[in-house]
Amino acid sequence: MFKKSLVVALLLSTITGSYASDEKEFKEWLKQYKKEFKTFVDEHDKEFAQFLKANWVETEVEPEVKRDSKPKVTAPPKTKPEPIVEVEADPQPVVLLPPAKPVEPVPPPEIVKKPDPVPSEPELVHKPTEPKPLPKPKPKPVVKPAPEQFVYVKKGESRTTVRMLGQTLVMPKLDAKPLGIRKLDSNTIADSWLSMAKTQFKDQVAAIKAAADDLALDDWGQALLTHEYLVSGSRLSKNDMQLYSWFYLVKQGFNSRVAYNDGKAYLMLSVKQKLFGQKYFSLKDGKYYFVDLAEKQPISVGSVYTYDKQHSSASEQVNIDLSVAPKHGTADKSRKLTTTIDNKSVTVSTHYNSSYIEFLDHYPQLSMEYYFQAELPDGTKQELLNQLRPYILGMSEQRALNVILHFVQKSLRYQTDQQQFNYENYLFAGETIHYPYADCEDRAVLFAYLVKNLLGNEVVGLQYDGHIATAVAVKSDIQGDAFTVRGKRFVVADPTFINANIGRTMTGYENQSPQIISF
């Protein structure tokens with residue numbers, strides 16, 4: 001019995017020792033495999049780095065393109081309020097578009113006194129049989145929901161937190177160490193590319209793409225997210241930041257490149273749209289605009305050194321398209337717009353997210369049609385439209401258009417971009433709600449948005465020298481200045497010509513033939 005037990009013990013010891021030895025060998029192999037995998041560099045990256053060492057040429061930078069060189073009026077002209085003369089003897093009321101369905105919760109608007117408010121809950125009224133009316137319950141404090149988290153890492157994995165549009169993004173930890181550049185030239189940039197290619201970046205790139213989809217970002221927004229990710233997850237010098245941005249954008253498939261001169265690295269993007277106020281240079285495959293994703297204003301640069309061959313995976317132009325609004329966090333700001341129309345007060349109070357405004361502030365200047373096409377976030381859109389809708393309910397098309405026109409003319413204060421920002425800065429409709437002043441193109445964009453979403457009429461922009469207005473396709477026979485576009489009659493509506501009704505061109509532009517902006 002003792003001998004049998006001894007044999008079993010010896011067998012177990014041998015098996016255990018063998019297992020322990022195999023496990024140790026496996027762990028060592030796995031450690032070596034991970035090390036080799038981490039330092040693995042794709043053949044395309046090796047070839048590209050080899051190309052970068054020698055193929056740089058000096059390139060002259062093209063000056064920025066101005067959208068409109070003629071200055072705008074410093075103060076909008078005013079005309080005496082005119083009565084709205086209906087053309088039809090018995091005008092049919094305009095058919096309003098249905099109210100938008102709530103999509104996301106927003107804080108309640110500021111309390112605005114209206115003629116006949118409709119309370120959301122039944123009011124307790126005084127009954128004849130009761131000596132006193134019951135007191136109204138005190139309103140409950142608004143509890144803001146906690147910011148939603150979007151998680152792109154598995155449990156137990158290293159992570160970093162990124163704030164974007166007021167949202168919290170939990171992303172994989174960045175493997176982005178300083179590149180140790182002392183002298184910036186073609187060799188150090190090539191070596192930097194190889195160093196970045198040896199890092200763990202695939203999960204990070206996948207997380208950026210997934211977050212961009214979840215936040216409904218366009219390509220420019222995805223580039224801004226890439227920059228915020230790098231800022232949040234690493235401590236890099238300015239040159240390192242530009243090079244890592246370049247690397248990560250290329251790995252996302254975007255046609256991005258770098259240039260250098262006088263010890264500075266510059267990031268450039270091939271953009272589908274024409275950009276204004278941005279310096280660029282042209283290569284055989286198109287224009288490349290100088291971009292600094294950390295800055296709000298265009299950068300100043302002279303001649304630079306760059307290369308004329310792109311990485312095999314980077315062929316996609318950056319497309320700027322805000323026709324779908326990005327998804328932002330809880331609204332934390334509000335704006336009240338109020339004026340008097342036909343001796344009646346018209347007041348709208350709408351909420352918006354300040355991070356969304358900061359996000360838009362980093363977009364480049366575009367052609368006007370992209371501002372007209374841009375969508376407002378759902379919560380802001382619902383408040384704006386649903387509060388304006390009762391003021392035009394039951395009106396004829398002409399009267400409804402004039403109420404919307406006068407609302408934009410008189411509820412917004414006027415300043416040019418030079419006066420307000422000290423540089424040209426066209427605003428999206430969401431920005432116009434935020435900033436204290438709005439000039440002609442900002443008013444035109446907001447007016448067009450309201451008309452399209454309240455009445456459903458088509459609108460075009462009118463580009464004059466130094467001025468932008470709109471024209472509306474009408475169903476009724478509204479008199480006044482008009483243009484024929486695509487076989488339809490569009491009547492002039494100028495949101496900058498204070499008190500002017502639809503059909504009147506602003507003083508000083510009557511003899512100009514404007515460029516039609518279709519969108």
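Is Ser245 buried or exposed?

**Before you start**

This is a predicted model, in which local features need pLDDT of at least 70, side-chain atom pairs count only at pLDDT 80 or more, and totals for chains, interfaces and linings use all residues. Residues are numbered from 1 along each chain as its sequence is written, and side-chain values use heavy atoms, with hydrogens and water left out.

**Stop 1: Ser245 and helix α6**

Ser245 counts as buried, at 2% relative accessibility. Buried means under 20% relative accessible area, exposed means over 50%, and partly exposed lies in between (1.4 Å probe, protein chains only). Ser245 sits in helix α6. Helices (H or I, at least four residues) and strands (E, at least two) are DSSP runs, numbered from the N terminus.

Now show the surroundings of Ser245. Leaving aside neighbours within four places in sequence, Ser245 is in contact with Leu230 and Leu267. Contact means heavy atoms within 4.5 Å.

The expected span is 1.5 Å times one less than the number of residues. α6 is mostly covered, with 13 of its 14 residues buried. Just after α6, pick Gly253, which takes a positive phi of about 95°.

**Stop 2: helix α4**

Select residues 202-214. This is α4, with 13 residues; it reaches 18 Å from first C-alpha to last, close to the 18 Å expected at 1.5 Å a residue. Colour Gln204, Val205, Ala207, Ile208, Ala211 and Ala212, which are buried. Look down the axis: the buried residues of α4 fall within an arc of 160°, so they line one face of the helix. The arc is that of the directions from the helix axis to the C-beta atoms. An α-helix has 3.6 residues a turn, so residues three or four places apart point the same way.

Turn to the face of α4 pointing away from its buried side. The exposed residues there are Lys202, Asp203 and Asp213. Then go back to the buried residues and show their partners: β4 (167-172), α5 (219-233) and α6 (238-251) pack against them.

Step past the end of α4 to Ala216. This residue is in the loop between α4 and α5. Ala216 is partly exposed, with a relative accessible area of 23%.

**Stop 3: a three-stranded sheet**

Select β2, β4 and β3. They form an open sheet in the order β2-β4-β3, with mixed pairing. The edge strands, each pairing on one side only, are β2 (149-151) and β3 (159-164). Two strands pair if DSSP finds at least two bridges between them. Neighbouring strands of this sheet are turned by 25° against each other on average, direction ignored.

Zoom in on β2 and β4, which pair in the parallel sense over three bridges. Phe150 stands opposite Leu169 in β4.

α4 lies across β2 and β4, running at about 160° to β4. α5 lies across β3 and β4, at about 130° to β3. Axes are lines fitted to C-alpha atoms, for helices over the stretch in contact, and angles run from 0 to 180 degrees between N-to-C directions.

**Stop 4: the nonpolar cores**

Select Leu169, Trp220, Trp246 and Leu450. Of the 122 residues in the largest nonpolar core, these touch the most other members. Such a core is a set of buried Ala, Val, Leu, Ile, Met, Phe, Trp, Tyr and Cys residues joined through side-chain atoms within 4.5 Å. Helix α13 (residues 440-454) gives the most to this core, with ten residues.

Centre on Leu450. Not counting residues up to four places away in sequence, Leu450 touches Leu384, Leu385, Leu388, Ile404, Phe407, Val408 and Leu455. Then move to a second, separate core of 13 residues, which includes Ala471, Val485, Val492 and Tyr509.

**Stop 5: Asn422, then the whole chain**

Pick Asn422, in the loop between α11 (417-420) and α12 (429-434). Its phi is near 75°, positive in a residue other than glycine. Asn422 counts as exposed, at 61% relative accessibility.

Finally, zoom out. The chain has 13 helices and 16 strands. Of its 519 residues, 49% count as buried. Among contacts with a separation of 6 or more, residues 24 or more positions apart account for 71%.
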